[in-house]
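Please read it alongside the sequence and the coordinates.

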Amino acid sequence: MLTYNTQIALRSLRRHPLLAAVIVAGIALGIWASTTFTTVRHMFARDPLPGHSQRLFYVRMDNWDPARPYPTGNGGGGLTQLAAPVPPQITYRDAVELMRSNIPVRQTADYVSSIVVFPDRKVSRPYTSPLRLCFSDFFPMFDVPFQYGRGWDKRADANAEQVVVIDDATNQKLFGGANSVGKHIRLADRDFTIIGVLAPWRPFIRMYDMVGNFVAEPEPFYIPFSHAPKMQLRSFGNSDGWQSVNLATFEQFLASEIDFVQFWVELRTPGDLAAYQRYVDDYVRQQKKSGRFQRPLLNPIRSMRQMMAEYGIVRPQLTAMAVMSILFLAICSMNLTGLLLGKFLARAPEVSVRRALGARRIDIFMQHVIECELVGIAGGVVGMLLSIGTLRFIGKLIADSARFSLDLEMIGAAVFLSLVAGLLAGIYPAWRICTVQPAVQLKG
Amino acid sequence: MEIGPITRALLRNKTRFILIVLQIAVTLAVVTNAVNMIVEERKQMNKASGFDDDNLLFVRSRNFAPEFDQLEYRIASAESDLRALRGIPGVKAVVNTNFLPWQGGGSSGEVNVIGGDGSPYRTQQYAATPGFVQTLGVKIVSGRDLRDGDVDDDPNSTTGTVIISRDLEKLLFKDKSAVGQQLTNGTGPISVVGVFDPFYNPYGWPIHEYCAIFAGHVSRNGARFLVRVEPGMLKQVAPMIEKRLIATNEGRNVDLQTIPEVKSRYFRQNQIVIAAMGMVIFLIVVVTGLGIVGLTSFAVTERTRQIGTRRALGATKPAIIRYFLMENWIITNSGLLLGIALAYGLNYLLVTNTSGVKLDWRYVVAGVVLLWTQGVVATLAPAMRAAAVSPVIATRTV
């Protein structure tokens with residue numbers, strides 16, 4: 001019956017190709033706008049590490065000025081009104097202390113710096129590159145994919161071994177894409193051994209560092225955090241301070257109250273979270289005795305999704321755009337109702353003959369609903385194709401190299417929307433035509 | 001008038017009525033809120049920095065030669081870079097500074113007034129060599145500009161010389177002059193020698209207009225420069241910069257960005273919102289318009305015999321046109337009434353859930369006028385077709 005109805009529907013569409021084209025184009029426009037803008041929003045809103053993010057927590061401590069809270073709201077470091085009134089990052093010295101805890105299953109302190117890379121002179125001139133200092137757990141915590149080798153281990157963390165992880169683009173540029181694990185590369189004044197090469201990796205949201213530009217690309221180089229003091233690598237990311245102290249030497253900088261380190265922990269259970277919160281609070285209470293942390297105790301430990309909300313990752317305009325594009329789809333759908341009504345009712349005599357020959361109301365109804373759904377699907381496909389092109393363009397605009405495309409979830413949503421749009425548009429006309437009185441039409 | 005018969009006829013065909021009313025209502029709600037959003041985005045984008053943005057370049061030297069580890073070497077190199085940059089034809093002024101307009105941030109710190117009430121004020125802070133005001137194209141409004149003698153490159157120095165923005169002067173000194181006053185950031189005195197105006201650089205904190213420029217070179221992590229060119233000369237000057245700087249010292253790379261590029265990157269998301277909302281407005285008006293044409297044509301076809309009958313009974317062509325326009329006007333107004341409610345409802349949702357701004361009633365009025373016009377335009381063609389129906393039709397049986 002379904003195939004039969006589909007055949008009739010197809011034949012009916014083919015009879016008025018122009019009208020069919022107009023109807024398909026209408027749905028396509030609506031699907032195009034709505035999938036494009038809901039996808040744009042979705043790219044920001046979706047879970048950056050599905051199945052894993054709920055175990056990742058970001059640690060902050062209020063070491064700010066005793067006289068005033070850290071200003072949020074109009075955004076220190078891009079934070080929204082939702083944000084806790086504490087600095088978005090912690091100090092180097094506190095990060096080093098927190099790393100001693102054994103409550104988290106994984107943990108990393110990290111910050112971004114800059115370094116001069118000296119490749120083989122035959123390959124490239126020396127150049128300056130962003131570099132992230134982090135702990136070995138960084139890679140498994142943020143599901144960082146490797147194509148060759150792997151991250152370093154805890155021993156390398158402890159001993160500041162001269163090992164480096166490079167990204168795919170750097171490997172292409174300096175080693176022609178070959179397996180470069182075990183090769184050496186000079187960073188600033190010392191030689192590092194390449195221990196891992198990342199697979200191409202471009203998360204849309206740089207979930208491990210949302211403080212600065214959260215749609216920026218991941219860094220090309222990663223080295224153990226413990227290199228910070230020896231190599232004197234200053235922060236090239238956001239850093240906040242409130243005290244005026246002399247920072248002429250690097251040791252003074254590391255010992256200061258300047259917040260530039262980000263701290264993530266992976267906790268398995270709510271019990272672990274509570275225990276870890278106690279651990280951090282106890283640490284701060286102890287520090288208070290030596291005159292630090294003179295503000296009221298406030299050490300928010302929030303999950304990755306909560307941090308995304310605090311940082312306002314989903315710009316409100318994106319939500320507004322998504323809402324309006326869905327309203328536009330609704331308009332397209334209503335328009336189709338009008339067109340389909342005309343199209344179907346013009347067919348009243350033919351339908352009356354079928355009814356008189358024994359077709360049930362439900363058959364007529366189904367036939368017409370199927371016709372609407374065919375149109376909906378055709379429009380959905382066209383709209384989705386258009387949308388993929390548009391998204392590629394918008395992706396380039398928002399985040400230079402980001403892959404900004406429909407994922408399975410969004411394709412599902414687009415199919416769903418086109419089916420709903422087809423159904424909404426068609427259900428009333430289909431009902432009208434199936435309730436036509438055959439007798440009235442057949443007379444005369 | 002025929003209002004009575006028109007409404008009765010409308011009520012006999014509720015589907016068409018409801019469809020058009022809903023479309024018009026949603027269209028009004030979307031159009032007014034979209035315009036509201038566009039205006040809000042534009043407001044942010046139109047805020048002027050007060051600088052000669054269109055003719056500014058940011059140049060950064062990224063050093064790798066070991067000599068750059070020495071402060072004296074870096075300063076000598078920055079000075080020779082300044083000379084090299086000034087020597088390029090088309091360059092108007094150059095300054096060695098870590099200030100980069102429109103990057104969405106910068107550096108800041110707290111200062112308080114010596115002899116004041118001791119309360120600290122957060123302000124943007126940058127270092128620059130003399131030439132800052134000429135390069136940005138701002139004016140010294142009181143006191144004097146920075147001089148070569150003010151420049152202090154000693155990293156252990158606790159004193160300094162600054163010029164500050166007019167808005168910072170107002171913040172710190174109310175109505176008094178800042179010139180000759182001293183500030184502190186916890187260490188030694190910082191002398192204010194001059195005040196410049198205007199200054200606006202959007203920052204993470206609400207300190208966009210507050211700025212203090214310290215006399216000094218910026219050489220650590222590579223010297224940075226702002227270059228101002230003769231109007232329209234960016235394209236000619238930019239390619240020469242890297243060559244000239246590498247020629248004076250090749251132990252480095254040189255990065256270059258024009259301020260218009262930096263600015264457009266800063267406003268990219270706003271531009272996307274504006275483009276997207278503009279497109280939605282255009283499409284929704286066109287689609288609704290076509291929808292009205294379609295539904296009205298359908299109504300005309302359906303009523304061909306009735307129209308013929310009216311014509312046969314003496315109705316003139318203008319009367320038929322007037323009938324359809326009137327009918328459309330009633331439908332449109334019903335839609336607009338519902339639409340105004342929807343527009344404010346949608347706006348309420350946007351304000352409470354997405355920190356949107358309140359809807360300006362003038363956009364609602366403009367939307368109403370737009371949809372009236374659209375209604376008339378969309379109805380005119382089908383109405384003309386209706387008027388062309390021959391009275392003879394009435395005599396035929398179909």
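Domain bounds are those of an automatic or database domain assignment. For chain A that assignment gives domain 1 (2–47 + 317–442) and domain 2 (61–299); for chain B it gives domain 1 (3–45 + 268–395) and domain 2 (105–217). The model is predicted, so local features need pLDDT of at least 70 and side-chain atom pairs count only at pLDDT 80 or more, while totals for chains, interfaces and linings use all residues. Residues are numbered from 1 along each chain as its sequence is written, and chains are lettered from A and ligands numbered from 1 in the order in which they are written.

| Chain | Domains | Separation of C-alpha centres |
|---|---|---|
| A | domain 1 and domain 2 | 49 Å |
| B | domain 1 and domain 2 | 57 Å |

**Chain A overall**

The C-alpha trace of chain A spans about 100 × 55 × 35 Å along its principal axes. Chain A holds 15 helices and 11 strands, where helices (H or I, at least four residues) and strands (E, at least two) are DSSP runs numbered from the N terminus.

A residue is buried with 20 or more other C-beta atoms within 10 Å of its own, exposed with 12 or fewer, and partly exposed in between, C-beta atoms being placed from the backbone. On this count, 45% of the 444 residues in chain A are buried. Ala413(A), in helix 14 (residues 408–434) of chain A, counts as partly exposed because it has 17 C-beta neighbours inside 10 Å.

**Strand 1 of chain A**

In a regular strand the side chains alternate between the two faces of the sheet. Strand 1 (residues 56–59) of chain A is covered on both faces, with Leu56(A) and Tyr58(A) buried on one side and Phe57(A) and Val59(A) buried on the other. Two strands pair if DSSP finds at least two bridges between them. Strand 1 of chain A runs antiparallel to strand 10 (residues 259–266) of chain A, with three bridges, and Leu56(A) has Glu266(A) as its bridge partner there. Three bridges also link strand 1 of chain A to strand 11 (residues 301–303) of chain A, again antiparallel; Val59(A) stands opposite Ile301(A).

**The sheet in chain B**

Chain B has an open sheet of four strands in the order 2-10-1-11, with antiparallel pairing. Its edge strands, each pairing on one side only, are strand 2 (91–96) and strand 11 (252–258) of chain B. Strand 1 (residues 56–63) and strand 10 (residues 224–229) of chain B share five bridges, and Val59(B) stands opposite Phe225(B). Helix 6 (residues 234–248) of chain B lies across strand 1, strand 2, strand 10 and strand 11, at about 165° to strand 11 of chain B. Angles run from 0 to 180 degrees between N-to-C directions, and axes are lines fitted to C-alpha atoms, for helices over the stretch in contact.

**Contact between the chains**

Residues are in contact if their C-beta atoms, placed from the backbone, lie within 7 Å. The contact takes 41 residues from chain A and 41 residues from chain B. On the side of chain A that touches chain B, helix 11 of chain A gives the most, with 19 residues.

Technical notes: Two residues are in contact if their C-beta atoms, placed from the backbone, lie within 7 Å.
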